[in-house]
Amino acid sequence: MKKILSLGASVLLALSVAACSDDADEASGDEHRDITVMIAASMCGIAESAEADVEEDLGIDVTTVCAGSSDLAAQIEAGNETDILITANQKTADQIIDGDRGTQLDMIATNELVVVVPAGNPAGTTGFDESMNAADLVVCAPQVPCGDVSRQLAELNDLTLEPVSEEGSVTDVLGKITSGQGDVGLVYRTDANAAGDAVEVIDIPKSEEIPNQYPLVIVDSEEADATEQAWIDAFTTGDGKQRMEDLGFTTP
């Protein structure tokens, strides 16, 4: 049964999700259990495909919670149970690791920030420059990984950003641009690629110097059990790896 949840829906389920990390020791060999995965919004579409593969292969339920990385970390720190966490930066993953709530297994991908404008570029944005401030600029909030990278790239390019809106996730930024509520936004290349002809993409100078990294963390355990490893394999190898690369992620 497929369950892709927003953060709000996940809060309602948080205390009732069965068989999360406390049951990890019970799963071994061919024994499998239902699991919950919290994942950065920019990877939600790939997680949906991995969820379907694992549910079909193992006959279990996978609950996928998609939100901004900082919101996911806050939910774990508040006591909401999950098995796997994938954030869009190392800093947020370290909050969970340093709090003795998880173990990082791998760095599964990187991404980079780009400028997006609606098709036709009605505001006449010329690049990652002052022309963005003359339009309705939408960015991620500073505590969100895409917002942190936006700030760093602005400093690297001697630019001061003057957004009209700061959003809680990169998908919210993209939504403002594709819906016409914003003239220009800063999103990951993968999100821009997924938007297709709805947006035009402008590269950001020096973006390769500050890539977003996606660490994978096993929550409340030192290693993955059989079910968690099956999900990780579905997400990071074979078709899963190809899905990431097709969207524009760089994989190891």
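Biologist: Let's start with Cys-44. Is it buried or exposed?
Modeller: Cys-44 is buried, because its relative accessible area is 18% and the cut-off for buried is under 20%. Keep in mind that this is a predicted model.

Biologist: What does Cys-44 form a disulfide with?
Modeller: With Cys-66. Their sulfur atoms are 2.0 Å apart.

Biologist: And where do Cys-44 and Cys-66 sit?
Modeller: Cys-44 is in helix α2, residues 44-58. Cys-66 is in strand β3, residues 62-67.

Biologist: Is Cys-66 buried or exposed?
Modeller: Cys-66 is buried, at a relative accessible area of 11%.

Biologist: How many disulfides does the count come to?
Modeller: It comes to 2. The other pair is Cys-140 and Cys-146, with sulfur atoms 1.8 Å apart.

Biologist: What about handedness? Is the link of Cys-44 and Cys-66 left-handed or right-handed?
Modeller: Right-handed, with 75° about the S-S bond. The link of Cys-140 and Cys-146 is left-handed, with -90° about its S-S bond.

Biologist: What is the pairing if you number the bonded cysteines in sequence order?
Modeller: The pairing is 1-2, 3-4.

Biologist: Are Cys-140 and Cys-146 buried or exposed?
Modeller: Cys-140 is buried, at 2% relative accessibility. Cys-146 is buried too, at 1%.

Biologist: New topic. Which residues does the UniProt "binding site" annotation cover?
Modeller: The annotation, from an unreviewed entry, covers Ser-42, Ser-69, Val-170 and Tyr-188. They span 147 residues in sequence, but no two of their C-alpha atoms are more than 13.9 Å apart, so they gather at one spot.

Biologist: Take Val-170. Where does it lie?
Modeller: Val-170 lies in helix α6, residues 170-178. Val-170 counts as buried, at 3% relative accessibility.

Biologist: What does Val-170 touch?
Modeller: Leaving out residues up to four places away in sequence, its contacts include Ser-42 and Tyr-188.

Biologist: Where is Tyr-188 found?
Modeller: In strand β9, residues 184-188. Tyr-188 is buried, with a relative accessible area of 2%.

Biologist: And what does Tyr-188 touch?
Modeller: Among its contacts, again leaving out residues up to four places away, are Ser-42, Asn-111, Glu-112, Cys-146, Val-170 and Tyr-214. A polar atom of the Tyr-188 side chain lies 3.2 Å from the backbone nitrogen of Cys-146.

Biologist: Now the helices. At roughly what angle do the axes of α8 and α9 cross?
Modeller: They cross at roughly 45° and come within 4 Å. Helix α8 covers residues 226-236, and helix α9 covers residues 238-247. That angle makes α8 oblique to α9.

Biologist: Which residues in α8 and α9 meet?
Modeller: Ala-234, Phe-235 and Thr-236 in α8 meet Gly-240, Lys-241, Arg-243 and Met-244 in α9.

Biologist: Last one. Where is Thr-251 found?
Modeller: In the segment after α9. Thr-251 is buried, with a relative accessible area of 15%.

Biologist: What does the side chain of Thr-251 make a polar contact with?
Modeller: With the side chain of Lys-241, at 2.9 Å. A polar contact of 2.6 Å also joins the side chains of Thr-251 and Glu-245.

Biologist: What else does Thr-251 touch?
Modeller: Its contacts also include Ile-108, Ala-109 and Met-244. Met-244 is one of the α9 residues that meet α8.

Conventions:
Residues are numbered from 1 along each chain as its sequence is written. This is a predicted model: local features need pLDDT of at least 70, side-chain atom pairs count only at pLDDT 80 or more; totals for chains, interfaces and linings use all residues. Side-chain values use heavy atoms; hydrogens and water are left out. UniProt positions are given in the numbering used here, feature names are shortened, and annotations may be inferred rather than shown by experiment. Helices (H or I, at least four residues) and strands (E, at least two) are DSSP runs, numbered from the N terminus. Buried means under 20% relative accessible area, exposed over 50%, partly exposed in between (1.4 Å probe, protein chains only). Contact means heavy atoms within 4.5 Å. A polar contact is a pair of N or O atoms within 3.5 Å; within protein, one must be able to donate a hydrogen and the other to accept it, and residues adjacent in sequence count only if both atoms are side-chain atoms. A disulfide is a pair of cysteine sulfur atoms within 2.5 Å. Axes are lines fitted to C-alpha atoms, for helices over the stretch in contact, and angles run from 0 to 180 degrees between N-to-C directions. Angles under 35 degrees count as roughly parallel, over 145 as roughly antiparallel, 65 to 115 as roughly perpendicular and the rest as oblique.
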